[in-house]
Amino acid sequence: MRRTILFALTVFAALTAAILISSGLPAASRAAEGEALIRVTDENNKVGFINAQGEIVVIPQFDGAQEFSEGVVAVLANGKWGYLDSAGQVAIEPQFDDAGPFLEGRALAGVKEPGIRYGFIDPTGQFVVEP
């Protein structure tokens, strides 16, 4: 059963990559150039990522994801946001209650204490402007 699901997901991923790349969408063209991965969602609404060749790089396991920015993408896991790099590896462990895309080396991140407060993090996940 698991093989059938993985095979179906692989076929779906390959077809999605081909359609997206031929569409000329910015995220797809960046993926084709090796700069980012393409977000896919499985039948359980879990998010994963494929490369431009349609190969699964990150098996769908996240509850949400944003778009790639500056080589990383914010992903939601168990109610916390973290970041993956363009190879699909964890760049910043999920620890934030809200997170935004990186811009000029900084990203807006929120933590609840007791209400949500925002600050800016660097690419290592450390606050450079405290919430």
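Two strands are treated as paired if DSSP finds at least two bridges between them, and strands are themselves DSSP runs (E, at least two residues), numbered from the N terminus. In this predicted model, Val111 stands opposite Arg117 in β10 under that scheme. Residues are numbered from 1 along each chain as its sequence is written. Because the model is predicted, local features need pLDDT of at least 70 and side-chain atom pairs count only at pLDDT 80 or more, while totals for chains, interfaces and linings use all residues; side-chain values use heavy atoms, with hydrogens and water left out.

**The sheet**

Strands β8, β9, β10 and β11 make an open sheet of four strands, in the order β8-β9-β10-β11, with antiparallel pairing. β8 and β11 (127-129) are the edge strands; each has a single partner strand, so one side of each lacks a neighbour in the sheet. On average, neighbouring strands of this sheet are turned by 40° against each other, direction ignored; the strand axes are lines fitted to C-alpha atoms, and angles run from 0 to 180 degrees between N-to-C directions.

β8 is joined to strand β9 (residues 106-112) by four bridges, and the two run antiparallel. Ala99 stands opposite Ala109 in β9. The two strands form a hairpin with two residues between them, and Glu104 in the turn has a positive phi of about 55°. β9 in turn pairs with strand β10 (residues 116-121) in the antiparallel sense over six bridges. This second hairpin, of β9 and β10, has three residues between its strands. The bridge partner of Leu108 in β10 is Phe120.

**Aromatic pairs**

A search of the whole structure finds three aromatic pairs. Rings of Phe, Tyr and Trp (its six-membered ring) pair if their centres lie within 6.5 Å; planes under 30 degrees apart count as stacked, over 60 as edge-to-face and the rest as tilted. Two of the pairs are listed here.

| Pair | Centre to centre | Angle between planes | Class |
|---|---|---|---|
| Phe49 and Phe68 | 5.9 Å | 75° | edge-to-face |
| Tyr83 and Phe102 | 5.1 Å | 70° | edge-to-face |

Phe49 lies in strand β2 (residues 47-50) and Phe68 in the loop between β4 (64-65) and β5 (72-77), 19 residues apart, and their pair links distant parts of the chain. The pair of Tyr83, in strand β6 (residues 80-85), and Phe102, in strand β8 (residues 98-103), also links parts 19 residues apart.

Burial is judged by relative accessible area: buried is under 20%, exposed over 50%, and partly exposed in between (1.4 Å probe, protein chains only). Both Phe49 and Phe68 are buried. Tyr83 counts as buried at 1% relative accessibility, and Phe102 counts as buried at 4%.

**The nonpolar patch**

Leu108, Ile116, Tyr118, Phe120, Val128 and Val129 make a nonpolar surface patch of about 470 Å². Patch residues have over 30% relative accessible area and no salt bridge; like charges are joined within 9 Å, and nonpolar side chains (Val, Leu, Ile, Met, Phe, Trp, Tyr) within 5 Å. A salt bridge is a side-chain nitrogen of Lys or Arg within 4 Å of a carboxyl oxygen of Asp or Glu. Accessible areas come from the Shrake-Rupley method with a 1.4 Å probe; for residues, only the protein chains shown count as cover.

β10 and β11 are the elements that give two or more residues to the patch, and β10 gives the most, with three residues. Phe120 is placed in strand β10 and, at 37% relative accessibility, counts as partly exposed.
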